[in-house]
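Here are my notes on the model. Please read them beside the sequence and the structure.

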Amino acid sequence: MKQNYCDVLVIGGGAAGFSAAVTAAWHGQKVILIEKSHLFGGATCWSGGWMWVPRNSLARAAGIIEDIEQPRLFLQNELKDKFDPKRVDMFLKSAPAMVDFFANNTLLQFEDGNKIADIHGHTAGAKDGGRSVIAAPYHGRKMGKLVKKMLPPKWETGFLGMPIMAGKDLWSFLKATRSISAAFYVAKRLGLHALDWLIYGRTMQFVNGSALIARLAKSAEDLGVTIRVSTPAKQLIEENGKVVGAIVSTELGEETIHVSKGVILAAGGFSYDIKRRAAMFPHMKDPLAHWPLPPTTNTGDGLNMAEQVGAEVATDLASPVAWCPVSLVPYKDGTVGHFPHIIDRGKPGVIAVMHNGKRFVNEADGYYDYTAAMDSKTPANQEVFSWLICSHECQRRYGFGMTRPFPFSTKPWLESGYLKKADTIEGLARLCDIDPKVLRQTIDEFNLHAKEGKDPEYGRGGTAYNRKMGDPDHQPNPSLAPLDKGPFYAIKVLPGSFGTFAGLKTDEHARVLNKIGQPIEGLYAVGTDMASIMGGYYPTGGINLGPAMTFGYVAACHIANKTPYTNE
């Protein structure tokens, strides 16, 4: 069997893995990063890319100053009995330092999300902006040959294969038919996109999570990290209670990689480990009736290998996964895509109902909240789903699910069955197998108050986050408008997730713990291989990638015997 040697072995090529690899290499460690798939990037490449990082330097530069106790109070109130003070404090202290480390020493540069509010704006300690950052856009040509090993952005969340960034980018596409400046902006973006396809055969304008991965991967390469794809890890090697390497599979056979400092698990959690999902979702009628957004290669390898050396997976979280509502997108070749309903739910002219025709949630609240409510309101042993319904004006102005706004046709989506359409609410109800009288009553009640910009039942539009999800040009409530003019459209929504929360138990340094709570020497877990510091809750956007980047950085600092933050 072939033998290889390094200081640090990182298993997994997503944000957490690359964060750890870059940090360790910058501190002088010899690092090998292996990725199971033939393309690195994982779920990060398909994500919105936002990271929740309270007290970051970009916010401070904009005059948004807060004491560490404010985000700490927010998390205390949100996480309740799942609040882990040691790990939360390490995150809150190290996250701003992580941003500065990468911004000052690598190709990873950031843009601020100072106008992005915490989802649960009524919780004590919440803030209406200044806690989010995202990787700055990046062009793939700067990666050289490395770009060929990177996962392309998710088709369903882009436009003709081109990812679209939240903010000015997105609103320019939505307003392209109503604004000359927006039309020119979109034309330029599409022109450059077409040019990239002609030259490179793929999209190269990276934004969101793909920009984060591109910048991290190139930084890793520049620092001498050995990046290997199509190299799944099979088994950890343990000697005298210490993890000293791993056996990996290659095209030429198995190989042993020995480490002098440590192994960092960042393999992406267990989104497609059906056996573990069945154990984690005992209340669901069918564990297969869950539609994850990460790549199918995320099958729990990191968790399984760690358990074999005495580690323990946290099973007491509020939720085992980071819920997200999705719709299934049928394609002509017989494949099915997953579309995440992130921003369309909050647009004026949209309403959500259960199969009984009644509302069940504030549609403009968080994706986790929507899916959790959909799950909890479904009777036992029944399929978990809901219907998103919108007006014609809403669909033409903002798009709806996979359907694009004017001037794009809805005909292909109607023919495939993805989208349902009727001239009346009663007709739409019959297409969705909903009692027409109940749905009519629900819509009439909703419309009565929506005309005045009010939602007495669920308070939609009552937080800065709700209003951000809507349309600032629509008043008096950016996220509310009546559905009073047909035709009307509906899309079936199912429970999905951005990834898993139930990972390995770790300490504040990301060291994996054994069943008696002691660190397993030489073994670390980050990203979704690490049990979420949010305890299975989803208090605000970016709480997956923010901790993933931070604890990748923390783990590498611990291995290199460096402090991940400075005392203030």
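1. R359, E363, D455, E457 and R460 form one linked network of salt bridges. A salt bridge here is a side-chain nitrogen of Lys or Arg within 4 Å of a carboxyl oxygen of Asp or Glu. R359 and E363 are both buried (buried is under 20% relative accessible area, exposed over 50%, partly exposed in between; 1.4 Å probe, protein chains only).

2. This is a predicted model: local features need pLDDT of at least 70, side-chain atom pairs count only at pLDDT 80 or more, and totals for chains, interfaces and linings use all residues. Residues are numbered from 1 along each chain as its sequence is written, and side-chain values use heavy atoms, with hydrogens and water left out.

3. The structure has 24 salt bridges. One of them joins D89 to R72 at 2.7 Å, N to O. D89 sits in helix α5 (residues 85–105) and R72 in helix α4 (residues 69–79), so the pair ties together parts 17 residues apart in sequence. Helices are DSSP runs (H or I, at least four residues), numbered from the N terminus. D89 is partly exposed at 22%; R72 is buried at 17%.

4. E426 and R440 also meet in a salt bridge, at 3.0 Å, N to O. This pair links helix α14 (residues 425–431) to helix α15 (residues 436–450).

5. No disulfides turn up in the whole structure (a disulfide is a pair of cysteine sulfur atoms within 2.5 Å). The sulfur of C432 is 12 Å from the closest cysteine sulfur, in C390, so it is too far for a bond. C432 is buried, at 5% relative accessible area.

Definitions and conventions:
Helices (H or I, at least four residues) and strands (E, at least two) are DSSP runs, numbered from the N terminus.
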